[in-house]
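Please walk through this structure with me, starting at the sheet and ending in the core.

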Amino acid sequence: MATHGQYEELARQLSAIGAVKRELGRLLPQDCPPASAGVLTLLDRHGEMRMSQLAELLAIDMSVTSRHVAHVCERGWIERKPDPADKRSRLLRLTPSGRELLAELSERYAAALARYLSDWSDDDVRLLNELLGRLRSSFGDCRTRPSHHDAGHRAPHHHSTTRTPAG
């Protein structure tokens, strides 16, 4: 088991990760803030879903989720369609232009990481991926597992959970 000092150092390192995220955020197009990229990434990862499930996955209030959804809808990156199971509800899903944007963002992120980590070995990158995945799992990251609320409303998921411009 790690020492208290090791956990304190880990807390400092995790706090400093914000600088890495901000630098990667600079790769996003002007009209695609990190929150919008997060919405697109979750829809890509989990398939179509209701706004309530998206809010749960984003771990933010419905009103904030609604603003993020409006932003990406206005740009044509997602669409809202009637939920066949409940006509009063809407399902959100990526559009082809949303998928194109995500592919572009994924390429930008991968290129930037390759540039910043050019002096890292393949084993170092693999180990970092493994350890970050374990860390998220230890915290019960809801973004990596489907919600029980709308499980019947999601399209099949065909994308890797590591492809994400939004963290």
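**From the sheet to the core**

Methionine 49 stands opposite leucine 92 in β3. This is a predicted model. β1 and β3 are joined by two bridges and run antiparallel.

Now take in the whole sheet. It is open, with three strands in the order β1-β3-β2 and antiparallel pairing. β1 (49-50) and β2 (78-83) are the edge strands, each pairing on one side only. Strands of a sheet pair through backbone hydrogen bonds, either parallel or antiparallel.

Next, the helix over the sheet. α2 lies across β1, β2 and β3. Its direction makes an angle of about 100° with β3. Serine 36 is found in this helix, α2. Is serine 36 buried or exposed? Serine 36 counts as buried, because its relative accessibility is 1%, and the cut-off for buried is under 20%. Leaving out residues up to four places away in sequence, serine 36 touches His71 and Val72.

Then the core. In soluble globular proteins, nonpolar side chains tend to be buried together. Here the largest nonpolar core holds 23 residues. Which of them touch the most other members? They are Leu40, Leu43, Leu54, Ile78 and Leu92. The elements that contribute two or more residues to this core are α2 (34-46), α3 (51-58), α4 (62-74), β3 (86-94) and α5 (96-116).

Definitions and conventions: Residues are numbered from 1 along each chain as its sequence is written. This is a predicted model: local features need pLDDT of at least 70, side-chain atom pairs count only at pLDDT 80 or more; totals for chains, interfaces and linings use all residues. Side-chain values use heavy atoms; hydrogens and water are left out. A nonpolar core is a set of buried Ala, Val, Leu, Ile, Met, Phe, Trp, Tyr and Cys residues joined through side-chain atoms within 4.5 Å. Buried means under 20% relative accessible area, exposed over 50%, partly exposed in between (1.4 Å probe, protein chains only). Helices (H or I, at least four residues) and strands (E, at least two) are DSSP runs, numbered from the N terminus. Contact means heavy atoms within 4.5 Å. Two strands pair if DSSP finds at least two bridges between them. Axes are lines fitted to C-alpha atoms, for helices over the stretch in contact, and angles run from 0 to 180 degrees between N-to-C directions.
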